[in-house]
Amino acid sequence: MAILKIARMGHPILGMKSIPVADPQAPEIGYFVEDMIDTLADAGGVGLAAPQVHVPIRLVIFKVPAARAAAERYRDAGLDEDSEEIPLTVLINPVIEAIGNETHAAYEGCLSIPEMMGEVHRPVHIRYSGLGLDGEPIEREAKGFHARVVQHECDHLDGILYPQRISDMRTFGYNEELKKSIVANDDDNEEAT
Ligand code: NI
């Protein structure tokens with residue numbers, strides 16, 4: 001058990017394409033995931049990708065906390081399927097496919113870009129699959145925040161950070177500044193991932 005150092009934007013590992021995990025059940029993968037879980041808990045985010053802790057393999061962890069799942073704006077958008085809490089999930093060698101072409105804009109943060117946020121458009125509805133730590137297949141559909149977190153984390157595996165997906169760079173800035181003007185009427189600002 002250990003808290004790992006999180007790479008920050010500018011470190012070359014965050015721009016690399018990560019390699020598939022050959023054996024999800026290998027003991028070293030299990031130990032590494034324990035450290036990732038400790039690191040995520042310490043940092044207070046909702047998701048973490050292996051390359052963010054300097055290990056360029058296709059593995060992410062994430063969760064959808066109950067408070068986030070109930071965010072009003074998602075309910076208002078009719079995304080009530082997303083109102084369930086998603087427990088901490090370990091997803092290995094993930095594959096994502098958009099369902100339909102509806103997109104939604106929301107603010108995202110990232111543990112590799114501390115104190116900042118920006119608005120990113122992403123598909124609302126996705127299907128994702130991969131393997132769990134037990135080597136068993138995981139296949140889920142996701143909407144709203146759940147779908148956003150999975151897409152954000154999996155982007156890390158292809159060396160993509162959310163600022164590369166911001167269409168209006170005026171929405172990219174320091175949390176402290178942006179929240180002054182946004183938070184009053186927008187409650188779906190993302191937690192750091
Ligand atoms: Ni991130």
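This is a predicted model: local features need pLDDT of at least 70, side-chain atom pairs count only at pLDDT 80 or more; totals for chains, interfaces and linings use all residues.

Reader: Thanks! What is the span of helix α1, and what is expected?

Author: Helices (H or I, at least four residues) and strands (E, at least two) are DSSP runs, numbered from the N terminus. The expected span of a helix is 1.5 Å times one less than its number of residues. Helix α1, residues 27–43, has 17 residues and reaches 25 Å from its first C-alpha to its last, close to the expected 24 Å. After α1 comes G44, with a positive phi near 80°.

Reader: Which residues of α1 are buried?

Author: An α-helix has 3.6 residues a turn, so residues three or four places apart point the same way. Buried means under 20% relative accessible area, exposed over 50%, and partly exposed in between (1.4 Å probe, protein chains only). In α1 the buried residues are I29, F32, V33, D35, M36, T39 and L40. They cover an arc of only 165° around the axis, which puts them on the same side of α1; the arc is that of the directions from the helix axis to the C-beta atoms. On the face turned away from that side sit the exposed P27, Y31, A41 and D42.

Reader: What do the buried residues of α1 pack against?

Author: Their partners are β1 (47–49), β2 (59–64) and β3 (86–98), where contact means heavy atoms within 4.5 Å.

Reader: Now the sheet: in what order do its three strands stand?

Author: Strands of a sheet pair through backbone hydrogen bonds, either parallel or antiparallel. Two strands pair here if DSSP finds at least two bridges between them. The open sheet has the order β4-β5-β8, with antiparallel pairing. β4 and β8 stand at the edges, each with a single partner strand, so one side of each is left without a neighbour in the sheet.

Reader: How many bridges join β4 and β5?

Author: Seven bridges link β4 (103–110) to β5 (113–123), and the two strands form a hairpin with two residues between them. Among the bridge partners, Y107 goes with E119 and E108 with G118.

Definitions and conventions:
Residues are numbered from 1 along each chain as its sequence is written. Side-chain values use heavy atoms; hydrogens and water are left out.
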